[in-house]
Amino acid sequence: MMRTVTYLILLAIGLLLPHFVYPVLLMKILCFAIFACAFNLLLGFSGLLSFGHAAFFGGAAYIAGYLIKNLELPTIIGILGGVLFTALLGWLVGLLAIRRQGIYFAMVTLALAQMIYFICLEAPITGGEDGMQGIPRGNLFGLSLQSDLTLYYVVLAGFIFAFLLIYRTIHSPFGQVLKAIRENEPRAISLGYDVSKYKLLAFVLSASISGFAGILKMLVFNFATLTDVHWHMSGDVVLMTIFGGIGTILGPVVGSTIIIGLEDQLADSAGDMVTVIMGAIFVVCVLIFRKGIVGESVALYQRMLGRKNLT
Amino acid sequence: MIEIFGVPLMALYSQLMLGLVNGSFYALLSLGLAVIFGMLNIINFAHGALYMIGAFCAWMLLSKFNIGYFEALLITPLILGLIGVIIERLLLKWLYQVDHLYGLLLTFGLALIFEGYFRSQFGVSGETYDIPEILDGPVNLGFMVIPKYRLWVIFLSLIVCVLTWFMVEKTRLGSYLRAATENPKLTQAFGINVPLMVMLTYGFGVALAGFAGVMAAPIYQVSPLMGSHLIIVVFAVVVIGGMGSISGAIISGLGLGIIEGLTKVFYPPLSSTVVFIIMAIVLIFRPAGLFGREK
């Protein structure tokens, strides 16, 4: 009951907020929230640390941009095409990466993502250093996306869709198996689960949703950029997830809101020092704040409940 | 003019040499990563940033204190080693009890801090560091003429690699190190100060990165971004070679440098991705890496 109320209040805030806050910033936050949730599905619920998710986030934006701008296809085809592409890419990368575990998994994904980065840098259609610019937003189901407010509600709908999809996945039998693999892989194997298949499927799902997030961001800003494919971006999403709380449903949303909000506030005043601040947050999180904001809050709440029960 | 597959022999030689130079850096850095990983079970993401700091350190020694290249080759690794020891004592120490991935994340944060700081101080354009006079100019090897400095880099990094290998595999100190890698608790029970060894190992690995940085300063631009790309390629090198052995890290570093150089001659568009492609192939056929042991 309380959970439903919370989500309804959040939804109401989401619907009203663009009338008070600059919608483009809100859309950016929502896109990164989708991205972080997708990433959390992998790290938090399957225990796989991918350091190459920028490849899906940024790569999908290029493909969708190519479909919409160069081939002049409708926006919806661009979105679907981009997501399909990232699913395929995720399948390929996942197939290679799940052959190793732990630290090696992180390094393999990082290296493969760097390869995608170079392809985006050098391929003839991507616009090289400048990125792919002037991608039109077009129409979606007969609705013009030119106005920021309209697009905001589309992005919000996209966010709710992705969030529910991830929520359902986590609470499905499939999600339970993923958790079992995270907790104890050899035991999951001995119980007869084809661990590689589950990991791969989780990877493909996470990659596709990340791609979806990247495409939405591309529509918001009208361009696909190299920044989104760069390994810094892969690091950013790790930071958002850890800062918000690994393995919590709302953690990535909280984390991305704060990090993007902070970046936005600091962008003018701090310049290159933003990277330093992000790095410092990273270090602090890893050292003393490993559960993240949501995780620590939940732990605190449970401790208070526990104390109440004792007295 | 002599040609091989339509490529002039001279161009082939010079790219091979360039590949060997790059390979020397891959070898030095992956060696440091392997040494650190063996002892701490941590992949040091900050390795590239520390290599960059090494280069800046040499540049600052020269421009601020007028201390030359050869002195810098000695002083910089000491300074970097000290930085490494501080990082280990202050930060990494607290993570040995938790998942090793946190070590990767912590050092990633450090890499961001270092890179961001240097970028805010020096911009992205980079500084130049002149080649020391004795090593400037070309040298004739009979079959080709190459810059003296490149030969020096290959020669010196080979010596450092071999010395490190010798120290780890053949000396008493190295045997303690290997013992502590294999079973830290038992080694400690035999009266060897394992935490001290861990600290020194990290310091040594970082010092190697600093050493590579000084050597790189005259060849590449001394820039805040010089380490970040390199480190990702070195990660791929490490995956290809496998973390199992010191010699594996050296051989795969040099080998991949050469392959990259050859790709630049025969099919330039692939040169920046060839290492990653090889990594993918190795993962398919030998997931543990060429020299690695499957755990």
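A:Glu185 and A:Lys199 are both buried, a term that denotes under 20% relative accessible area, whereas exposed denotes over 50% and partly exposed the range in between (1.4 Å probe, protein chains only). The model is predicted, so local features need pLDDT of at least 70 and side-chain atom pairs count only at pLDDT 80 or more, while totals for chains, interfaces and linings use all residues. Residues are numbered from 1 along each chain as its sequence is written, chains are lettered from A and ligands numbered from 1 in the order in which they are written, and side-chain values use heavy atoms, with hydrogens and water left out.

A:Glu185 and A:Lys199 form a salt bridge, with their closest N and O atoms 3.1 Å apart; the term requires a side-chain nitrogen of Lys or Arg within 4 Å of a carboxyl oxygen of Asp or Glu. Over all chains, six salt bridges are found. Another joins A:Asp148 and A:Arg137 at 3.0 Å, N to O. Here A:Asp148 is partly exposed, at 27% relative accessible area, whereas A:Arg137 is buried, at 5%.

Aromatic rings also pair. Rings of Phe, Tyr and Trp (its six-membered ring) form a pair if their centres lie within 6.5 Å; planes under 30 degrees apart count as stacked, over 60 as edge-to-face and the rest as tilted. The search of the whole structure gives 35 aromatic pairs over all chains. One of them is the edge-to-face pair of A:Phe105 and A:Phe203, with 6.0 Å centre to centre and 85° between the planes. Both A:Phe105 and A:Phe203 are buried. Ring pairs also link A:Phe51, A:Trp231, A:Phe282, B:Phe45, B:Phe108 and B:Phe235 into a cluster.
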